[in-house]
Amino acid sequence: MIRTLIPAIALATSASPAAAEVTVEATGPIIEITITENVTVDPDIANLSAGVTTLAPTAVEAMRQNASQMHRVIERIEVLGVDEDDIQTSGVSVGAEYRYDDGTNQPRFTGYRVSNRVNVVLRDISDTGEVLDALVAAGATDLGGIGWAIDNPEPAQDQTRQAAFATGRERAIAYARMSGYSDVRLLEISETIMGSRPFAQDANIVTAASRSESTPVRPGQVQAGVSVNFTFEMVQ
């Protein structure tokens, strides 16, 4: 959360370099308003999640098989031009596998399961379908879907700030005039940044009609925005 006191006076001396904030006391009635504004934009980043799961009689063999497959997956991702800094291991797990015997209704040990998962950031979303196909072809046994995002949300957030400020002041003045006052004075403002989230329903993987084609994807759009809290004083 970003909080700013309006107006604020910065005091500085040679003995004390730290600035001091002065909060203005209100003499009239107070209006507190929260405005949330969103803007819909095209995403330019795709966040993918892919995993490799292997089963073997021993934990050592399950780990060996998993490492071999995951090496192929990562190498394939890098061949497609994804920077190594955009490839991150998100989890590795090893566990014993059991299967219940229908006759005795008792668990029977069947081996070990090893799972390894990586998160991949694609900065060219036009490659998303090709990368998904390549992950599966290289040995990925499950995909965790796609998260669409904006690399630099600041321009969109600035747009929503301006809209939120205009709406907040307009609404505060309306309340003031209904209460017999002519104007308002801004005392305090704070904001909460809202993360981007999917907007369009088609921001998903679409099943390919023919496996000879790259898996089609539709990024749709995402929303970015801010929630702004205002404190106004009613004035004449």
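This is a predicted model: local features need pLDDT of at least 70, side-chain atom pairs count only at pLDDT 80 or more; totals for chains, interfaces and linings use all residues.
View 1. Residues are numbered from 1 along each chain as its sequence is written, and side-chain values use heavy atoms, with hydrogens and water left out. Helices (H or I, at least four residues) and strands (E, at least two) are DSSP runs, numbered from the N terminus. Within α2, the buried residues are T128, G129, V131, L132, A134, L135 and A138. Here buried means under 20% relative accessible area, exposed means over 50%, and partly exposed lies in between (1.4 Å probe, protein chains only). These buried residues of α2 pack against β3, α1, β5 and β6; contact means heavy atoms within 4.5 Å.

**View 2. The whole chain, for orientation.** Three helices and eight strands make up the secondary structure. Starting at the N terminus, the elements follow the order β-β-β-α-β-β-α-β-α-β-β. Of the 236 residues in the chain, 31% are buried.

**View 3. The largest nonpolar core.** A nonpolar core is a set of buried Ala, Val, Leu, Ile, Met, Phe, Trp, Tyr and Cys residues joined through side-chain atoms within 4.5 Å. The largest one has 25 residues, and L48, V73, I77, V120, L122 and L135 touch the most other members. At least two residues of this core come from each of β3 (45–56), α1 (59–79), β5 (107–122), α2 (128–138), β6 (142–149) and β8 (222–235). Look for I77: leaving out residues up to four places away in sequence, I77 touches V82, I87, V120 and L135. Another core lies apart from the largest one, with 15 residues that include I31, I35, A164 and I189.

**View 4. Q157 in helix α3.** Helix α3 covers residues 154–178 and contains Q157. Q157 counts as buried because its relative accessibility is 5%. Setting aside neighbours within four places in sequence, Q157 is in contact with I193, M194 and V226.

View 5. A salt bridge is a side-chain nitrogen of Lys or Arg within 4 Å of a carboxyl oxygen of Asp or Glu, and the structure holds 10 of them. D158 and R161 form one, with their closest N and O atoms 2.6 Å apart. Both residues lie in α3, three residues apart, about one turn of the helix. With 33% relative accessibility, D158 is partly exposed; R161, at 21%, is partly exposed too. A network of salt bridges links E154, D158, R161 and E191.

**View 6. A salt bridge between two strands.** E233 pairs with R185 in a salt bridge whose closest N and O atoms are 2.6 Å apart. The pair joins distant parts of the chain, with E233 in strand β8 and R185 in strand β7 (residues 183–198), 48 residues apart. E233 is buried, with a relative accessible area of 2%, whereas R185 is partly exposed at 34%.

**View 7. N105 in a loop.** N105 sits in the loop between β4 (87–100) and β5. Its phi is near 55°, a positive value in a residue other than glycine. Most residues other than glycine have a negative phi. N105 is exposed, because its relative accessible area is 55%.
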